[in-house]
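Dear colleague,

Please find the structure below, handed over for your use. My notes on salt bridges and helix packing follow it.

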Amino acid sequence: MQPSPVTANTSLPRYSVLLASATALAYEILLVRLFSISHWHHYAYMIISLALLGYGISGAFLALFQRRLQAHFSAAYLVNLVLFAAAMPLGYLLAGKSGFSPEEILWDPGQWARLAAIYLYLALPFLFVANAIGLALMQYRDNVGRIYAADLLGAGLGSLGIVALLFMVFPASALRLLTALGIGAAWLAVLELRMRPAALRVALPLAALLPVLLPTAWLEPAMSPYKGLSEALNISGTRVIEQHSSPLGLISVTEHTGIPLRHAPGLSLTASAGPPEQLGIFVDGDGPSAITAAGGDAAALAFLDQLTWALPYHLKRPGRVLILGAGGGSEVLQARQLGAGHIDAVELNPQIVTLVKDTYADFAGHLLDADNVRIFTAEARGFVSTTTDRYDLIQVALVDSFSASSAGLYALSESYLYTVEALQAYLSKLSADGYLAISRWIKMPSRDAPKLFATAITALEKLGIDDPQNRLALIRSWQTSTLLIKNGRFDAAELEALRRFCSARSFDVAYYPGIDAAEVNRFNVMAEPQLYLAARALLGPERERFLADYKFNLEPATDDKPYFFRFFTWRALPEIITLYGRGGVPLLDTGYLILAATLVQAVAASLVLILLPLWFLRRSAAPNAAGAQRWRVLVYFSALGLAFLFLEIAFIQKFILFLHHPLYAVAVVLTAFLLFAGAGSLYSQRLVKAHAGVTVAVAAITVASLVYVFALDRLFTPLAGLADSLRILVSVALIAPLAFFMGMPFPLGITRVGERTPNLIPWAWGINGCASVISAVLATLLAMHFGFTVVVLAAVILYGIAAASMPR
């Protein structure tokens, strides 16, 4: 093999690998943001998961052309880094111009071709960066640990950096910066490999300025016409007056000067008037929630008493109220209007708090500055777990949009608001005879309200309460339902007040202690009283049979399986098929099916990408690539690719509740995993000669994983009250030893392969990439059905399989 003619000294390209890896992972996270804005987040999940098969394509490409590429390593390495930088904006631009509309895929077969084109366009950047890193692993197989460490360290820095960057700039500007950083990685390669001509050292920094010239309109995500914001802008007089962006979402504020916004979900059909002037708030184009004008005219706010979640204020006037998910402040305004003594409101997104409290404070009547109102920027479960206050009413009202919820688009989303443990936590913060009120959208056939009812029953039973039927009440309007859980038994006066409240507003009672069948389904008439029938079945002796036979999955969500919005059951599939092409599929929950389809596509593509190089290698009849060795390589690197992400994904979920913020959990856990795995990879160089290196690493991973999966919750409980900074330090300290050992098996395996069968290194790289893509989707499916504990146990088994199949 001849060295590249453009290379004078092939020093180790660690810094260019580090920067390229950081840019690639940042680009992956940025794509999730961009596609969450333009489409729905679950389509973003599918598209980007499959685009990452670029890593698998790279393995096949390098396996087929490794001799030619290694003969001209420096040139091939540089070209792939330059192409990586160029493909980031170009691939996204082409994907945006493809005309793909996921909502139309149900009736337009041409959308499948457009979807395939998007896969191709978005796979290109990952193909080129994977080529560059794979080439470095092949060329420097005696220093695999250092190269792989640079790859992991870069990925860790990239995951943290993009989160920070998205707080400062809009996604389109972030894409420009990442393109420049990609060119920067190519420039570092020129310096590290001492490449000629010398003009490259000047040309590449100048080229890094080119992304600034890209028109913003080219890079801004084009929002789906089916999103709430797009539909609102079709209404005369509606315009966006302000936008803010962060990793939590793109916030758009709308003004409605023509046809006014009337956001009052489930408003009583007997209400004499609607809401006053409102501003809309859309997050990633989804919504709206509303900021309501509050100028002091109480009569203009009378509509707030015509909503289902006004019920608890009519049973007993609460002294202290906690609102979880304050949004635009409607529930806070309602609590003030209906006589609450003191109000604590919790909102996750600080930019929404700023809009209500500062930017539009005059419009909102300085709602959040009132003497009896306190606003907390926090995650709901985190706040509840740390507060020492007790409340007469805890209110959780419609924290997601109707359009996304009704189409099953949250099926892939973990939600810790509606788990059994969440309801137990809320109930523990109620005063004696206090109420927990949770409101959900009405969807047909019924699913949200029955599942929430089942969750409430389980939560009460786990608290040792043997009469949950005396502590529950459920009412509905034409669009919303409200479940009331009392910290005690309902008395006769409360039940009479409930009946009066519903009768005056034409709301239907679905359940309360002692309800008569003749009282249900009177105003907003259904073909049959589904909520009433579900409540009676769930409280009766046939609960398990009802859950097993129901059209949707109503199994209560738990912190280990936090998928409240997963309603799909396979027994509903025949009905979905019969609705294909008739516009009815969105009425069912398609998110789960999209996840399953993503897994099938990823497995099919991976088989092609893994078997094609294998066929080539067999035809080449290389004497040092024996069949047994090839199968060991296949099993070893497949197991590693699956296991690594299994643990990473599972422990991100485990730390969400401890860190009290999903963004903190993703940023801290992902960064810590990658950085300490990089340190482990670097240390693995010392174990190359030790045949037991992988065995020791796997044993350590097994012990740490099993200890954490069974002990973390007990450890987190006494530490939950620590300051944010201390909880982050504790999290990093806990992740460090596990991640350190997780960084060892891959470089040790590649080094072992390189000693006897170096022509299998690119194939091993591709196998690991394909397995990683499958792992992300498979882990979610396993967690939905069996929980994250099972995901961790599966990872431990996979690491054991890897240790047993270590290439010889």
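A residue is called buried under 20% relative accessible area, exposed over 50% and partly exposed in between (1.4 Å probe, protein chains only). This is a predicted model, in which local features need pLDDT of at least 70 and side-chain atom pairs count only at pLDDT 80 or more, while totals for chains, interfaces and linings use all residues. Residues are numbered from 1 along each chain as its sequence is written, and side-chain values use heavy atoms, with hydrogens and water left out.

Salt bridges

The whole structure holds 22 salt bridges (a side-chain nitrogen of Lys or Arg within 4 Å of a carboxyl oxygen of Asp or Glu). Asp448 is buried, with a relative accessible area of 1%, and takes part in a salt bridge with Arg440 at 2.7 Å, N to O. Asp448 also pairs with Lys443, with the closest N and O atoms 2.4 Å apart; Lys443 is buried too, at 5%. A further salt bridge joins Arg489 to Asp467, at 2.6 Å between the closest N and O atoms. Arg489 lies in the loop between strand 11 and helix 18, and Asp467 in the loop between helix 17 and strand 10, so this pair links parts 22 residues apart in sequence. (Helices, H or I of at least four residues, and strands, E of at least two, are DSSP runs numbered from the N terminus.) Asp467 is buried, at 6% relative accessibility.
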